[in-house]
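Q: Hey, I just opened this one and I'm new to it. Can you walk me through its salt bridges?
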Amino acid sequence: AMTLVGTSAPASGGEHLLSHTLDMMSSVDGVAHDLHGRQVGLGTLFSSAIYDRIFQIDNPPSHNPPIMIDSTFWGRLAESVRQQYDQKKPMLQILRGKLTDNETWRAFLDACRDQVRSPDQIKSCLRTAGAAHTFKDIGCSRERLRDAILHMHEIRKRPTVIDLAWILGILPHAAEDIIDQWLTA
């Protein structure tokens, strides 16, 4: 798919946002970050945990996604991040509208359940391979990881499962629980 469209977009979803956000944070504050692939491993685990929560929803609620980015958080990158997020806002409203159609919701759940691996399985694979699977493995503090999780939806113009989690009301509330359950030890 990447070859067909000439970009990594088809292979870069919510799991990559965590890594890119940590990289961008590093460029703002100078705190070192780990390798992209190691960070994506944690992002994959986080995204799987989000899907796990989505799969528990029978009748999706629809919350307004955040209307603006946190300019203070992004510092000198704020304008670039704002431009990306502003381009995504119309698509987020379309996504919200689709959530009202129960048939569309069921089809989405059925398709995802067949493709998404459980956080247990992903954590086990990462651990078995000796790959990073906790925030400490990538030299990141819990607070920094939480900040990245709460801002990673802002950096891309196309929606991902992370945006869906905000619209469904899973985020920001579940961030701490997911970190404690899946990204710690």
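Predicted model: local features only at pLDDT ≥ 70, side-chain atom pairs only at ≥ 80, totals over all residues.

Q: Where do Asp86 and Arg82 lie?
A: Both are in helix H5 (residues 78–98), four residues apart, which is about one turn of the helix.

Q: OK, new topic. Which residue forms a salt bridge with Asp58?
A: That's Arg106, and the closest N and O atoms are 3.9 Å apart. This pair links distant parts of the chain: Arg106 sits in helix H6 (residues 102–115), while Asp58 is in the loop between helix H3 (36–54) and helix H4 (71–74), 48 residues apart.

Q: What's the relative accessible area of Asp58?
A: 47%, so Asp58 counts as partly exposed. Arg106 is partly exposed as well, at 33%.

Q: What about Asp34, buried or partly exposed?
A: Buried, because its relative accessibility is 16% and the cut-off for buried is under 20%. Its side chain meets that of Arg38 in a salt bridge, 2.9 Å from N to O. Arg38 itself is partly exposed at 29%.

Q: Last one: how many salt bridges are there in the whole structure?
A: A search of the whole structure turns up 11.

Definitions and conventions:
Residues numbered from 1 in each chain as written. Heavy atoms only, no water. Salt bridge = Lys/Arg side-chain N within 4 Å of Asp/Glu carboxyl O. Buried < 20%, exposed > 50% of the residue type's maximum accessible area, 1.4 Å probe, protein only. Helix = DSSP H or I, 4+ residues; strand = E, 2+ residues; numbered from the N terminus.
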